[in-house]
Amino acid sequence: MSCDQQRLKTHCGFDRMKIAVEGCCHGELDKIYETIEFLEKKEGVKVDLLLCCGDFQAVRNEGDMKCMAVPAKYRTMQTFYKYYSGEKKAPILTIFIGGNHEASNHLQELPYGGWVAPNIYYLGYAGVIRYKGIRIGGLSGIYKSHDYRKGHHEFPPYNPDTLRSVYHIRNIEVFKLKQIQMPVDIFMSHDWPRGIYHYGSTEELLRKKKFLRHEVESSSLGSPAAEELLAHLQPSYWFSAHLHVKFAAVMQHPPKGNAAPRETKFLSLDKCLPHREFLQIVDVPERSDSEGLEYDPEWLAILKATDSLQRTTPDPWNPPENNGLHDRWDFRASEAAMMEVVEDLSGELSVPENFSRTVPAFNPDRPLPHSAPSRGANAQTTELCAKVGLTDLYGRAGEQAGAGRGQEGEEQEEEDELSEYPTDTSGQSCSFNPDEIAIEDEWEEEEEEEEAGEGEGGGTAEIHTPGCLLLPEPKSDVTPVRLPLMNLPAPSHSTPAPLEAEPEPELLEAEPEPLEAEPEPLEAEPAASAQDDEDGAAARILKRSSGESAEPGSTSTTPRIKRRNQLIYAAADEDEEDETGG
């Protein structure tokens with residue numbers, strides 16, 4: 001511990017906790033942990049916790065890969081299976097949420113969260129957990145209006161529609177989170193809250209991602225569900241990923257009643273690739289000396305109170321409202337309800353380290369490419385449901401799927417056994433989804449960027465870190481209150497590599513600054529030239545989608561950027577008219 005950190009602890013009475021935040025993981029656990037180890041040695045710090053903002057890809061074996069919505073040619077085992085099998089153990093406590101590229105059958109086993117491997121914890125469809133007194137919440141998946149009001153009805157083997165709908169956010173999870181009254185310190189979502197880009201350097205974002213301009217200017221980019229939660233929860237920090245770009249913002253919330261206005265520091269990070277800003281370390285004060293993860297009494301009380309509202313059918317459902325049609329519409333947790341769940345757990349709030357393997361792990365010496373996806377119960381969920389009085393949603397969905405599938409389901413399973421990747425839906429799905437990044441486009445972009453990187457000197461890249469990331473001025477309709485801003489230390493861009501390649505001159509000139517507890521004056525963050533490669537025509541051949549036509553009268557020969565994000569989160573809601581549900 002440095003002298004400054006020691007003085008801070010003596011003055012304030014608490015330690016400062018180092019939390020590493022990572023964008024889209026895409027199964028690259030080895031690279032992420034190696035990068036953290038490199039930064040720890042470089043900066044002389046110890047990271048206490050890793051938060052991953054989706055696309056984690058907890059793939060245990062070949063069967064799990066068939067439940068992941070990516071084209072077959074991009075299905076690779078990556079490195080998670082090593083941590084699941086016990087070959088390796090995560091060196092840092094890791095907490096993650098789901099995104100839109102997941103082994104969905106695996107995560108569905110843990111609807112309320114649980115261990116996917118020793119020291120790696122999933123937050124569930126939605127969840128709140130405590131670590132050293134810090135409340136950490138999250139919402140898995142991405143928003144899609146068509147599926148928002150449905151129950152969690154999906155169950156493997158998935159068809160082309162359910163393979164994608166399984167990772168779409170449901171209004172029941174948002175309703176639960178909106179019952180929270182106690183302050184949340186950190187919240188994670190995979191896609192961004194709608195409108196958050198207006199509270200940071202919008203022009204810098206559009207310089208990096210030009211094809212987002214229409215959605216940004218029309219305020220249609222992002223998740224309206226996450227926007228609601230941001231306004232309600234007003235967490236100190238909100239971390240996201242999904243759009244594969246680093247972006248920081250500060251949002252000043254209007255005051256609630258007589259309370260002082262709160263401020264949220266937003267940060268989105270890239271995916272784990274060379275020359276990309278996918279990792280950031282933040283400095284957060286601890287609030288307790290407890291070790292390990294703990295259940296959150298308020299959240300468990302909310303889960304228990306709303307259990308009867310949960311559905312596992314595709315029928316639309318609306319949350320209860322104070323409109324005379326419902327006996328109860330307020331499911332906020334009372335002190336008595338919180339004490340009740342503590343009693344349910346026999347007074348023990350520590351999350352039990354009860355991970356157990358539910359399926360065989362991938363064996364590279366004995367691959368099983370034709371193995372079917374698993375669809376069994378998880379003992380962690382069974383135990384928590386029994387203690388607190390919750391419904392195992394995965395088990396209920398399985399029962400309903402088994403009862404309703406009949407002969408059609410038997411024929412589908414027979415077809416699955418004959419195909420190596422029966423659930424590859426690239427180019428096959430008949431349902432148009434305007435609310436998510438096109439899967440094929442996203443992965444083709446990654447392939448092109450890797451090829452461009454190899455052309456610049458190989459697949460490995462040196463760590464290059466700007467001096468520091470300083471957040472923009474907070475923006476709000478009310479007069480901002482000058483609260484201390486988060487001073488984010490220098491980000492990491494890649495896995496450590498031998499220093500053989502000549503670093504770019506401008507990066508040699510900027511010396512990284514040490515991690516500090518005190519914020520510095522606001523400045524513009526220096527742009528790394530490696531990021532410019534994403535927009536440079538010389539870096540790679542730019543594509544345009546088959547449905548994209550040139551502007552009338554245009555004679556330009558410049559190739560157009562492939563607009564893979566052009567219709568993310570379309571504002572038009574194609575749902576049917578709302579129906580009142582019970």
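1. Ile-120 touches Leu-29, Tyr-33, Phe-56, Phe-80, Tyr-83, Ala-90, Thr-94, Phe-96, Gly-114 and Trp-115, leaving aside residues up to four places away in sequence, where contact means heavy atoms within 4.5 Å. The coordinates are those of a predicted model, in which local features need pLDDT of at least 70 and side-chain atom pairs count only at pLDDT 80 or more, while totals for chains, interfaces and linings use all residues. Residues are numbered from 1 along each chain as its sequence is written, and side-chain values use heavy atoms, with hydrogens and water left out.

2. Ile-120 is also, together with Ile-136 and Phe-239, among the residues with the most contacts inside the largest nonpolar core, which has 108 residues. A second, separate core of eight residues includes Met-65, Val-70, Ala-103 and Phe-362. Such a core is a set of buried Ala, Val, Leu, Ile, Met, Phe, Trp, Tyr and Cys residues joined through side-chain atoms within 4.5 Å; buried means under 20% relative accessible area, exposed over 50%, and partly exposed in between, with a 1.4 Å probe and protein chains only.

3. Six strands form an open sheet in the order 4-5-3-2-1-12, with mixed pairing, and its edge strands are strand 4 and strand 12, each of which pairs on one side only. The twist averages 30° from one strand to the next. Strands here (E, at least two residues) and helices (H or I, at least four) are DSSP runs numbered from the N terminus, and two strands pair if DSSP finds at least two bridges between them.

4. Within this sheet, strand 3 (residues 93-96) pairs with strand 5 (residues 120-122) in the parallel sense over three bridges, and Ile-95 has Tyr-121 of strand 5 as its bridge partner. Strand 2 and strand 3 are likewise parallel, joined over four bridges, with Leu-50 opposite Thr-94 in strand 3. In a regular strand the side chains alternate between the two faces of the sheet.

5. Strand 12 (residues 279-285) has six of its seven residues buried, so it is largely enclosed by the rest of the structure. Strand 1 (residues 16-22) runs antiparallel to strand 12 and is joined to it by seven bridges, and Met-17 stands opposite Val-284 of strand 12. Helix 2 (residues 29-43) lies across strand 1, strand 2 (49-52), strand 3, strand 5 and strand 12, running at about 60° to strand 12; axes are lines fitted to C-alpha atoms, for helices over the stretch in contact, and angles run from 0 to 180 degrees between N-to-C directions.

6. In helix 13 (residues 379-388), the buried residues are Gln-380, Thr-381, Leu-384, Cys-385 and Val-388. Seen down the helix axis, the buried residues of helix 13 fall within an arc of 125°, so they line one face of the helix, the arc being that of the directions from the axis to the C-beta atoms. These residues pack against strand 4 (114-117), strand 13 (293-295), helix 11 (297-305) and helix 12 (335-344). At the start of helix 13, a side-chain oxygen of Asn-378 reaches to within 2.9 Å of the backbone nitrogen of Gln-380, and after the helix comes Gly-389, whose phi is positive, near 90°.

7. Pro-364 lies in the loop between helix 12 and helix 13 and, at 48% relative accessibility, counts as partly exposed.

Conventions:
A polar contact is a pair of N or O atoms within 3.5 Å; within protein, one must be able to donate a hydrogen and the other to accept it, and residues adjacent in sequence count only if both atoms are side-chain atoms.
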